[in-house]
Amino acid sequence: MAPERLEVGTTLGAGRYEILRPLGAGSQGQTLAAIDLRTGTHVAIKRFNVRGAESWKDVELAEREARVLAQLSHPALPEHLDHFEEDGALYLVMTLIEGDSLAELRRRGELLDTLELLDLLRQMSSVLRYLSQRAPSVVHRDIKPGNIIRRPDGSFALVDFGSVRDHLKPGGSTVVGTFGYMAPEQFQGRALPASDVYGLGATALTMLTGAEPEDQPHQGLAIDVARALERRASDPRVRLLSQMLAPNPEQRVHNLTRALAELARPSSGGDGSERPRAPKARERRPAPRQRKRRNAPPKAPRGSRIARADDDDSAGPPFGATRPGLLLLAGTLLVAGFLLFPMATMLLLLLGSGWWIVSSLFFGGAPKATEADDSETPGASESPPRVRIAPLSDVAPSEEQPSTSRKSRARR
Ligand SMILES: Nc1ncnc2c1ncn2[C@@H]1O[C@H](COP(=O)(O)OP(=O)(O)O)[C@@H](O)[C@H]1O
Ligand SMILES: [Mg+2]
């Protein structure tokens with residue numbers, strides 16, 4: 001009987017594979033890096049201890065993993081190389097994928113930035129499409145950070161087909177998956193291709209925030225992606241992840257490839273061309289009222305949804321729309337003032353002269369202004385000499401006429 005844990009240097013498969021190092025250990029088995037002594041290549045070997053299995057279902061899943069993987073071929077999946085039984089254990093030999101799992105990255109405190117996340121979603125969407133197009137369609141059922149490996153070149157691979165389901169059984173099937181990453185319908189034993197979209201969405205959110213799905217803010221049954229990412233709900237990435245994490249599989253993103261292509265369109269504002277800090281900077285923009293000033297430079301490409309979301313806020317600048325009208329009015333008044341001022345001045349001069357002539361003819365002299373009434377004296381401004389303030393004492397009695405002016409009469 002094979003030991004519980006295999007040591008480095010142990011050989012398997014009738015001496016063909018030599019164990020190099022452990023890759024991971026689950027409750028029912030071990031995954032190891034080994035060298036194929038026949039070819040000299042490095043491989044990954046997954047060992048399932050049949051005798052330690054809790055039920056035949058587990059054994060069936062282990063066998064299914066080898067069978068399904070043998071039928072798959074995709075650059076983001078390990079390639080099935082061999083499988084055999086030895087000393088009461090099942091062994092699956094596959095190509096070794098270099099790199100670290102996302103769970104390992106997260107343990108080290110490394111999260112994904114926006115660009116890496118979009119890469120992850122694009123590459124995984126290609127795998128999910130490939131799996132769903134098999135006949136019958138294949139559902140992975142356990143997409144989570146521990147089952148995605150980031151290669152040194154930055155590409156991603158999906159491993160662990162130990163929970164895979166390759167046919168749809170009426171009446172549901174066994175509940176498998178990992179709590180938090182499992183779509184709600186999986187709890188009813190109803191796994192669909194859309195269930196993998198949910199697992200991928202939850203993985204993406206974990207790798208952006210560092211928090212497990214159950215620790216994310218929720219709204220009802222759904223994860224509140226906008227709050228989790230501290231971004232606006234109108235951000236295209238928030239919308240995409242929210243749709244991937246819709247609790248109802250019918251409302252979930254079905255065609256992830258198309259949704260990502262839509263996100264990459266420049267008008268969506270989510271083409272991933274910005275670094276991860278940029279959206280946060282946009283979030284830190286001033287409050288809407290200040291943001292909406294007409295002269296403020298655009299914060300997002302013209303026509304982008306973000307920009308449209310800003311424009312949509314119908315309040316708008318309170319005076320912006322009437323400013324040109326005010327400018328026009330002011331200009332008109334200025335021009336009119338320039339034209340009217342000389343005319344008014346000439347009119348007043350004429351009136352003043354007329355009054356001078358009339359008063360000279362009928363009263364025999366110009367009226368004299370006094371300190372108290374100079375400002376009200378008709379014609380005071382049109383003829384400066386007449387504005388001179390004359391003390392009453394200066395006025396010779398002989399010159400004073402009984403009816404010089406109504407004003408001087410009032411003073412008296
Ligand atoms: N083909 C592979 N190449 C490299 N590493 C692998 C491969 N398959 C699995 N691993 C690593 O081993 C770990 C455990 O393997 P996995 O198949 O997920 O087992 P389990 O069913 O116990 O979760 C994974 O998290 C991954 O890091
Ligand atoms: Mg695993």
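Before I start, one definition: two residues are in contact here if their C-beta atoms, placed from the backbone, lie within 7 Å. Please also keep in mind that what we are looking at is a predicted model.

Let me begin with helix 3 and helix 7, where Leu121, Arg122, Ser125, Leu128 and Arg129 of helix 3 meet Leu256, Thr257 and Leu260 of helix 7. Sorted by class, this contact of helix 3 with helix 7 has four nonpolar, two polar and two charged residues. Two packed helices are described by the angle between their axes and the distance between the axes. For helix 3 and helix 7, which spans residues 256-264, the angle is about 155 degrees and the axes are 9 Å apart. Because angles over 145 degrees count as roughly antiparallel, helix 3 is roughly antiparallel to helix 7, and their crossing is left-handed.

Now, how does helix 3 pass helix 4? Here the crossing is right-handed, and the axes of helix 3, residues 114-132, and helix 4, residues 193-209, come within 11 Å and cross at roughly 165 degrees. That makes helix 3 roughly antiparallel to helix 4 as well. On the helix 3 side the contact includes Leu117, Leu120 and Met124, and on the helix 4 side Val197, Leu200 and Ala204 are among the residues involved. By class, the contact of helix 3 with helix 4 has eleven nonpolar, one polar and one charged residues.

Finally, let us turn to ligand 1, which has 18 residues around it, with Gly24, Gly26, Thr31, Ala44 and Asp160 coming nearest. Strand 2, strand 3 and strand 4 are the elements that each give two or more residues to this shell, and the shell draws at least three residues from each of domain 1 and domain 2.

Definitions and conventions
Residues numbered from 1 in each chain as written. Chains lettered and ligands numbered in written order. Predicted model: local features only at pLDDT ≥ 70, side-chain atom pairs only at ≥ 80, totals over all residues. Axes fitted to C-alpha atoms, helices over the stretch in contact; angles between N-to-C directions. Helix = DSSP H or I, 4+ residues; strand = E, 2+ residues; numbered from the N terminus. Parallel < 35°, antiparallel > 145°, perpendicular 65-115°, else oblique. Left-handed = near helix turned anticlockwise from the far one by under 90°. Nonpolar A, V, L, I, M, F, W, Y, C, P; charged D, E, K, R; others polar. Near = placed C-beta within 6 Å. Domains from an automatic or database assignment.
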